[in-house]
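Q: I have a new model open and want to read it feature by feature. Can you walk me through the steps?

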Amino acid sequence: MSTSPTPTSRPSRHVLIAGGGIGGLTLARALRQVGIASTVFERTEVLRPVGAGIIMQMNAMKALRAIGLAEAVSQEGQPLTTLATRTGSGGVLTRLDLELLSRELGESAIAIRRSRLQAVLLSGLEEGQVRTGRTVTGFRDDGERVTVLLSDGTTATGDLLVGADGLHSVVRQALWGDATRYSGYTSWRGMTTLPPQAHPTGASESWGPGARFGIVPVGHGEVYWYATRNAPAGVRDEPGRAHETLRQCFGGWHAPIAAILDATSEENIFRTDIHDRVPLARWSQGRVTLLGDAAHPMTPNMGQGGCQAIEDAVVLARCLAREPEPTLALAGYERHRLPRANQFVSRSFQLGRLAQLENTAVRFLRDTLMRLVPTGAALRQVRDVMRFEP
């Protein structure tokens with residue numbers, strides 16, 4: 001990995017970051033490395049990670065290594081040895097040797113609990129740098145500085161504003177005003193523990209008619225799982241019935257799915273509908289730009305949402321360090337990041353449509369073709385995804 005750029009000598013540069021998720025916190029860490037100050041405004045009173053687990057794929061680990069965080073993340077998570085796609089009965093459709101890719105690319109894919117990843121990102125920030133209980137509700141860009149309006153009635157001023165405020169970004173809404181897009185399926189996720197003899201070392205995703213179930217070991221004896229099912233938007237489980245719904249849908253699938261569900265308490269099951277947005281042609285206006293899910297929210301089918309946010313953060317910090325004029329730095333950031341990130345939005349959406357098929361004959365054809373893809377061809381596709389250079 002290339003060495004870090006020389007920190008800017010302009011002392012007044014200060015970046016305002018709307019949102020304290022993975023992207024916002026990574027940006028704060030990356031900016032600190034290049035000598036640029038930042039303040040993060042997070043709407044929640046207490047930072048609580050959304051979701052149970054996440055895979056830091058090799059491209060994200062390369063980005064984290066560029067800002068000195070790869071080792072800490074590795075220590076808090078678990079390297080994945082394999083990534084398999086199965087049928088609901090357990091038959092193997094595809095299987096990738098991640099250890100082989102790791103040796104080639106110099107990084108492992110690390111599965112980690114989101115709360116532990118969050119702790120790593122927070123550990124290097126100054127006290128008070130993340131201001132909780134404050135939502136960015138609006139902003140003014142006068143061409144020289146940006147002032148954000150906060151939910152507590154106060155304001156803050158900086159050299160530029162980065163909207164890292166997620167799928168329902170206030171900053172994106174103010175800039176572009178576009179709507180979210182429903183994928184056609186809902187999701188559940190949870191975290192549990194399994195006996196050592198039942199603990200997987202690789203990740204897997206199993207495909208059935210209009211439904212999927214994923215299993216990801218995240219270290220510390222814990223297993224993160226997720227499930228999807230075709231459903232109308234806005235439907236919710238009756239209180240106390242999520243576990244029953246999942247058992248009806250997935251209880252007859254291959255082991256250890258039923259055991260994982262049995263080991264997960266009702267209060268540790270979370271349900272959300274899956275949305276994304278149609279890709280934008282621009283992220284920036286003046287001294288304001290977007291990052292992560294605010295810029296390119298994507299369905300989770302390629303496991304790249306958080307990974308792309310981390311790439312954004314590292315590249316944006318490098319662009320700001322190299323170019324003192326904010327608007328030129330943001331233009332460079334877009335040139336570097338927008339085509340790659342938007343490609344993931346489109347590919348993830350299409351993969352979800354393929355994975356959520358219900359028709360028996362079409363699924364049989366899909367599964368047959370997946371089994372016929374040569375391992376080398378599959379590895380080449382994944383290798384292209386995993387490459388990252390800041």
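This is a predicted model: local features need pLDDT of at least 70, side-chain atom pairs count only at pLDDT 80 or more; totals for chains, interfaces and linings use all residues.

Q: Which residues does D276 touch, leaving out residues up to four places away in sequence?

A: Read contacts as heavy atoms within 4.5 Å. With residues up to four places away left out, D276 touches L167, T180, R181, P297, M298, T299, V345 and F349.

Q: Now the glycines. Where does G214 lie, and what does G214 touch beyond residues up to four places away in sequence?

A: G214 is part of strand 15, residues 211-219. Its relative accessibility is 0%, so G214 is buried. Beyond residues up to four places away in sequence, G214 is in contact with S204, E205, Y224, W225 and Y226. G214 and I257 are 43 residues apart along the chain, and their C-alpha atoms are separated by 8.9 Å.

Q: On to salt bridges. How many salt bridges are there?

A: The rule asks for a side-chain nitrogen of Lys or Arg within 4 Å of a carboxyl oxygen of Asp or Glu. By this rule the count is 21 salt bridges. One of them joins E104 and R383, at 2.5 Å from N to O. E104 belongs to helix 4 (residues 98-105) and R383 to helix 12 (residues 375-386), so this pair ties together parts 279 residues apart in sequence.

Q: How accessible are E104 and R383?

A: E104 is partly exposed, with a relative accessible area of 41%. R383 counts as buried, at 17% relative accessibility.

Q: What does the salt bridge of E222 with R113 tie together?

A: In this pair the closest N and O atoms of E222 and R113 are 2.4 Å apart. E222 is in strand 16 (residues 222-230) and R113 is in strand 7 (residues 110-113), so the pair ties together parts 109 residues apart in sequence. E222 is buried, at 12% relative accessibility. R113 is partly exposed, at 27% relative accessible area.

Q: Which residue forms a salt bridge with R172?

A: The partner is D178, with the closest N and O atoms 2.5 Å apart. R172 is buried at 0% relative accessibility. Also look for shared partners.

Q: Last, surface charge. Which residues gather in a patch of negative charge on the surface?

A: A patch takes residues with over 30% relative accessible area and no salt bridge, and joins like charges within 9 Å. Here D141, D142, E144 and E325 gather in a negative patch on the surface. Take D141 as the example. D141 is in strand 9, residues 136-141. Its relative accessible area is 32%, so D141 is partly exposed.

Definitions and conventions. Residues are numbered from 1 along each chain as its sequence is written. Side-chain values use heavy atoms; hydrogens and water are left out. Patches are made of residues with over 30% relative accessible area and no salt bridge: like charges are joined within 9 Å, nonpolar side chains (Val, Leu, Ile, Met, Phe, Trp, Tyr) within 5 Å. Accessible areas come from the Shrake-Rupley method with a 1.4 Å probe; for residues, only the protein chains shown count as cover. Lys and Arg count as positive and Asp and Glu as negative; His and the chain ends are not counted. The place of a charge is taken as NZ of Lys, CZ of Arg, CG of Asp or CD of Glu. Helices (H or I, at least four residues) and strands (E, at least two) are DSSP runs, numbered from the N terminus. Buried means under 20% relative accessible area, exposed over 50%, partly exposed in between (1.4 Å probe, protein chains only).
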